[in-house]
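I opened the notebook to look up a few points of geometry and contact. The entries follow the order in which I checked them.

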Amino acid sequence: MADLQLDLRGLAPPEPMERILQWLDAASAGETLLAHLPHTPYPLYDHLRLRRCHWECAEQADGSALLCVQRD
């Protein structure tokens, strides 16, 4: 179970990415975020690689994506 769940599908770019990165920068080790996004967030991946975290993303049948990020 995620520590925080956000539905970011209604936000205009780049706000979903900004919110995820803000959460990640403030999160403590072990905290998890589950974010529902309008699509697979490929541009976000480069930013995630620069931070201490790991993530999984699952594309949904409607084209949206569920991104689970855990702070290392």
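Which helices each supply at least two residues of the lining of the largest pocket? I note before answering that this is a predicted model. I find that α1 and α2 each give at least two residues to that lining.

Entry on the pocket. I looked up the volume and got about 220 Å³ of space in the largest pocket. I then listed the lining, which has 13 residues, and Pro13, Pro16, Met17, His39 and Pro41 are the closest to the pocket centre. I asked which element gives the most to the lining, and α1 does, with three residues. I sorted the lining by class and recorded 12 nonpolar residues, one polar residue and no charged residues.

Entry on the helix pair. I have α1 at residues 15-26 and α2 at residues 42-49. Their axes lie 10 Å apart, and the packing angle is about 20 degrees. I file α1 as roughly parallel to α2 because angles under 35 degrees count as such. I checked the handedness next, and the crossing of α1 and α2 is right-handed.

Which residues of α1 and α2 meet? On the α1 side I noted Met17, Ile20, Leu21 and Leu24, and on the α2 side Pro43, Leu44, His47 and Leu48. I classed this contact as seven nonpolar residues, one polar residue and no charged residues. I see Met17 in two of my entries: Met17 is among the residues closest to the pocket centre, and Met17 is also one of the α1 residues that meet α2.

Entry on the prolines. I looked up the peptide bond from Pro13 to Pro14 and found it cis, with omega near 5 degrees. I placed Pro14 in the loop between β1 and α1. I had already met Pro13 as one of the residues closest to the centre of the largest pocket.

Entry on Asp3. I located Asp3 in the segment before β1, which covers 4-7. What is Asp3 in contact with, leaving aside its neighbours within four places in sequence? I get Gly30, Glu31 and Thr32. I also took the separation of Asp3 and Glu18, which are 15 residues apart in sequence. From C-alpha to C-alpha, I have Asp3 and Glu18 at 18 Å apart in space.

How values were computed
Residues numbered from 1 in each chain as written. Predicted model: local features only at pLDDT ≥ 70, side-chain atom pairs only at ≥ 80, totals over all residues. Heavy atoms only, no water. Axes fitted to C-alpha atoms, helices over the stretch in contact; angles between N-to-C directions. Helix = DSSP H or I, 4+ residues; strand = E, 2+ residues; numbered from the N terminus. Parallel < 35°, antiparallel > 145°, perpendicular 65-115°, else oblique. Left-handed = near helix turned anticlockwise from the far one by under 90°. Contact = heavy atoms within 4.5 Å. Nonpolar A, V, L, I, M, F, W, Y, C, P; charged D, E, K, R; others polar. 1 Å grid on protein atoms, 1.4 Å probe; cavity = no way out; pocket = protein on both sides within 12 Å on 5 of 7 lines; lining within 4 Å. Points joined across faces, edges and corners; volume = space filled by probe spheres on them.
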